[in-house]
Number of protein chains: 2
Amino acid sequence: MPRSPRVAAAIHALSDGVFSRLAHRIEQLEGEVYPLHVGDTWMDPPVGCRMEDLRSEGLPGLHRYTRPAGHPALIRAASQRWQLSEDRILATAGATGGLSALAGTLLEPGDEVLILAPFWPLIPGIVATRGGRPVEVPFFGRPGSAAERLGPHLTEKTVAIYINSPNNPTGQVLTESELRELVAFARAHDLWIWSDEVYEDYVYVGDFVPLRRLAPERCFTALSFSKAWGMAGNRCGLLLGPEDPALTAEVRKLVVHGFYAASTASQWAATRALQGDGGWIHAARESYRAVGEAAAACLAVAPPASGTFLFVDVSAHLEGSGPDALHGFLLRCLDRNLVLAPGSSCGAIYGDHVRLCFTAAPPDVVMRGVASLALLLGRRGG
Amino acid sequence: MPRSPRVAAAIHALSDGVFSRLAHRIEQLEGEVYPLHVGDTWMDPPVGCRMEDLRSEGLPGLHRYTRPAGHPALIRAASQRWQLSEDRILATAGATGGLSALAGTLLEPGDEVLILAPFWPLIPGIVATRGGRPVEVPFFGRPGSAAERLGPHLTEKTVAIYINSPNNPTGQVLTESELRELVAFARAHDLWIWSDEVYEDYVYVGDFVPLRRLAPERCFTALSFSKAWGMAGNRCGLLLGPEDPALTAEVRKLVVHGFYAASTASQWAATRALQGDGGWIHAARESYRAVGEAAAACLAVAPPASGTFLFVDVSAHLEGSGPDALHGFLLRCLDRNLVLAPGSSCGAIYGDHVRLCFTAAPPDVVMRGVASLALLLGRRGG
């Protein structure tokens with residue numbers, strides 16, 4: 001019989017966010033703070049794409065509902081930018097909204113999703129809140145073929161692989177040959193591919209290959225204007241569907257019933273970003289690359305090949321073992337006003353790493369935070 | 001084993017939207033169109049609450065992530081407006097986002113939700129996309145006590161009642177005594193109450209009583225700035241939790257993993273609306289009431305007690321029976337450039353009704369559409 005005041009077991013079991021143990025301490029920090037735990041950018045969106053640039057007069061319906069699939073202007077611009085027919089494109093409430101809708105569309109209760117680790121901290125919860133079971137597969141930086149790395153985790157319940165390249169948190173960009181191995185594995189076992197490509201515009205070393213080109217029949221792609229255009233607060237992303245547009249139409253049902261549509265104004269901001277000349281992204285990429293390289297040099301780690309993060313092994317600096325050891329290290333960082341994300345939020349086996357976002361604050365602030373971390377780690381790189 | 005390219009059975013079975021059969025025809029309409037099928041308002045939001053009024057300079061972080069629970073300024077303003085502690089309030093991607101998060105938090109697969117009919121068209125799909133089973137309970141305008149009306153639909157799997165008063169589509173406002181009966185039923189069977197109160201500011205006749213006052217231990221309340229403040233495109237609503245704030249904290253997990261947060265700019269617009277003097281709502285209410293009464297008089301039906309809809313019995317005008325009969329009637333409306341929602345979208349047994357939103361276009365446009373409908377129905381009211 002009903003079970004007020006109980007909630008669904010899978011939800012109750014879900015962790016209440018990466019920073020819940022530290023939230024109280026973070027709020028009390030005084031002086032200059034280095035909030036490098038969240039993946040965000042300090043840069044304002046391009047001129048013309050800010051809220052104040054969106055005038056009711058020139059944009060009829062700016063505050064009204066638009067089509068759940070997306071505003072026609074945005075879908076048209078996206079169709080041109082990504083060379084895809086309009087019926088394979090959905091505007092979503094950020095990549096989060098797109099991936100949640102996708103998980104809700106594809107997963108039956110108990111279905112398993114192979115998640116290449118380390119990973120974006122929200123993806124296991126997105127699978128779990130849609131009734132699925134996230135299966136962590138250590139992948140980036142590990143030896144062996146895709147089949148060797150993924151095979152041991154395959155079960156009768158596996159239905160999809162989540163691949164995030166360019167990768168948050170490692171910055172690694174998978175090569176075409178690695179991607180082809182993953183596609184072959186997915187085909188051999190009839191798995192969907194969920195390709196999270198939100199950092200596609202921020203590749204510093206190597207070539208980025210969109211997975212949908214290699215697996216057009218089974219690949220969904222999540223994109224986000226948050227990362228690409230400095231508008232994370234707008235909550236606007238895109239989901240690109242496989243060749244058969246009927247699949248995109250199915251995900252649209254989850255958009256309608258999950259958040260109805262992305263914000264109309266946010267979709268206009270995204271449209272204008274796509275219509276611009278790309279100068280902002282070019283400048284952002286060079287700025288991110290420079291601070292990423294400087295931060296890496298200071299910490300004596302390899303420079304990031306892409307993205308906005310460094311994933312730093314701090315095992316030599318942990319006292320004891322287990323979650324409390326990393327928690328202790330994060331507290332020592334907090335003593336220096338430095339907020340970092342625990343590596344364990346990117347995968348259970350990464351409890352000896354921390355994640356640092358080098359674009360969450362202006363470069364000078366980031367570098368002071370990084371210098372403080374370098375001191376704590378006893379490193380004098382660069 | 002995996003089942004690409006199949007999608008989850010419950011999703012595939014879900015209808016692809018109320019208007020999918022008519023969409024092509026609607027797009028081809030020429031001349032003055034009467035799009036009274038969508039629940040929206042033609043009025044622009046108050047000055048000061050429009051996107052162009054949100055200046056990056058005065059609002060640091062306007063385009064950046066805010067807290068998933070909601071921007072501190074909005075949560076503070078909402079706490080004052082609704083007299084509730086801040087830890088019981090979540091900002092959501094419209095009421096849709098709040099109810100989807102709520103359903104995801106509370107429902108185990110197969111759990112049933114009693115939905116008082118006729119109802120807001122999206123609610124059955126919200127339950128279904130979260131693995132639950134929506135159970136339609138003819139309620140508004142039906143005789144008998146709450147227990148008599150709901151009892152026959154109760155099973156071992158029932159966990160919640162969805163109540164929408166002021167009601168979309170009937171405009172009915174449940175009395176305190178009716179609400180007390182519903183609460184007694186929910187308590188007797190230990191059911192959650194999901195109270196959709198998005199039309200609380202648009203009551204023309206009678207008194208509105210918030211359900212959470214009568215059932216503070218088990219009532220979640222969905223609110224929306226879409227309806228109240230003419231900002232449906234902003235996708236910003238609120239979810240108010242029961243007395244125990246731990247329950248709101250559980251729903252927050254679904255916010256994080258469903259859309260991360262409502263748009264930051266939309267939350268600022270909502271904050272400013274709450275900080276204003278309420279003059280806009282007062283003017284909107286009087287305008288809506290006037291056009292609602294005029295439309296009802298023209299169609300010779302009872303004036304709406306609340307909200308923005310008329311729910312009109314057209315059974316005498318259907319040719320044949322079943323879904324095709326109503327479809328034929330809607331096509332005859334389309335011949336007059338009049339777009340109405342099928343009553344069946346508000347409940348399976350309402351296939352002889354149509355829903356008309358009298359605020360979706362300026363009053364003169366609405367009244368020309370209504371006059372056309374009155375002619376079609378052979379009515380000469382007013």
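What covers helix α11 of chain A? The cover over its buried residues includes α3 (72-82), β2 (89-92) and α9 (225-229) of chain A. This is a predicted model, so please hear every number as computed. Helix α11 runs over residues 264-275, which makes 12 residues. From first C-alpha to last it reaches 17 Å, close to the 16 Å expected at 1.5 Å a residue. Of those 12 residues, 10 are buried, so the helix is mostly covered. Among the buried ones are A:Gln267, A:Trp268 and A:Leu274.

Helix α14, residues 363-377, has 15 residues. Its span is 20 Å, close to the expected 21 Å. Its buried residues include A:Val365, A:Val366, A:Gly369, A:Leu373 and A:Leu377. They are covered by elements including β1 (34-35), α12 (279-299), β9 (309-313), α13 (323-335), β10 (338-339) and β12 (353-357) of chain A. After α14 of chain A comes A:Gly378, with a positive phi near 65 degrees.

Now to the cores. In soluble globular proteins, nonpolar side chains tend to be buried together. Here the largest nonpolar core has 229 residues. Which residues in it touch the most other members? They are A:Trp194 and B:Trp194. Leaving out residues up to four places away in sequence, A:Trp194 touches, among others, A:Leu102, A:Leu106, A:Val127, A:Tyr162 and A:Phe220. There is also a second, separate core, of 24 residues, and it includes A:Phe140, A:Ile161, A:Ile163 and A:Leu179.

Next, the rings. Over all chains there are 14 aromatic pairs. One of them joins A:Phe139 and A:Phe140, whose ring centres are 5.6 Å apart. Why is this pair called edge-to-face? Because the planes stand at 80 degrees, and the cut-off for that label is over 60. Both residues are buried: A:Phe139 has a relative accessible area of 1%, and A:Phe140 has 6%.

In chain B, B:Trp192 and B:Phe220 form a tilted pair, 5.6 Å centre to centre with 55 degrees between the planes. B:Trp192 lies in strand β6 (residues 192-196) and B:Phe220 in strand β7 (residues 219-224), so the pair ties together parts 28 residues apart in sequence. B:Trp192 and B:Phe220 are both buried.

Back to A:Phe139 for a moment. Which residue lies over its face? It is A:Arg149, at 3.9 Å from the ring centre. In chain B, the charged end of B:Arg149 sits over the ring of B:Phe139, also 3.9 Å from the centre.

That brings us to how the chains are related. Two copies of a chain are related by a rotation about an axis and a shift along it. Chain B can be laid on chain A by a turn of 180 degrees and a shift of 0.0 Å along the axis, with an RMSD of 0.0 Å. That is the relation of a two-fold axis. Which C-alpha of chain B is nearest the axis? That of B:Glu52, 2.0 Å from it. Both copies use the same surface, since 100% of the contact residues of chain B recur in chain A.

Last, some backbone details. Most residues other than glycine have a negative phi, and most peptide bonds are trans. The bond from A:Ala117 to A:Pro118 is cis, with omega near -5 degrees. A:Pro118 lies in the loop between β3 and α5 of chain A. A:Pro121 lies in the loop between β3 (112-117) and α5 (123-128) of chain A too, and it is buried, at 17% relative accessible area. In chain B, the bond from B:Asn168 to B:Pro169 is cis, with omega near 25 degrees. B:Pro169 belongs to the loop between β5 (158-164) and α7 (176-188) of chain B.

For positive phi, take B:Gln83 and B:Tyr260. B:Gln83 is not a glycine, yet its phi is about 50 degrees. It sits in the loop between α3 (72-82) and β2 (89-92) of chain B. B:Tyr260, not a glycine either, has a phi of about 70 degrees. Its loop runs between α10 (245-258) and α11 (264-275) of chain B. Which of these is exposed, and which is buried? B:Gln83 is exposed, at 65% relative accessibility, whereas B:Tyr260 is buried, at 18%.

Notes:
Residues numbered from 1 in each chain as written. Chains lettered and ligands numbered in written order. Heavy atoms only, no water. Phe/Tyr/Trp six-rings, centres within 6.5 Å; stacked < 30°, edge-to-face > 60°. Buried < 20%, exposed > 50% of the residue type's maximum accessible area, 1.4 Å probe, protein only. Helix = DSSP H or I, 4+ residues; strand = E, 2+ residues; numbered from the N terminus. Lys NZ or Arg CZ within 6 Å of the ring centre and 35° of its normal. Expected span 1.5 Å × (residues − 1). Contact = heavy atoms within 4.5 Å. Least-squares fit on C-alpha atoms with pLDDT ≥ 70 in both. Core = buried A, V, L, I, M, F, W, Y, C linked by side-chain atoms within 4.5 Å.
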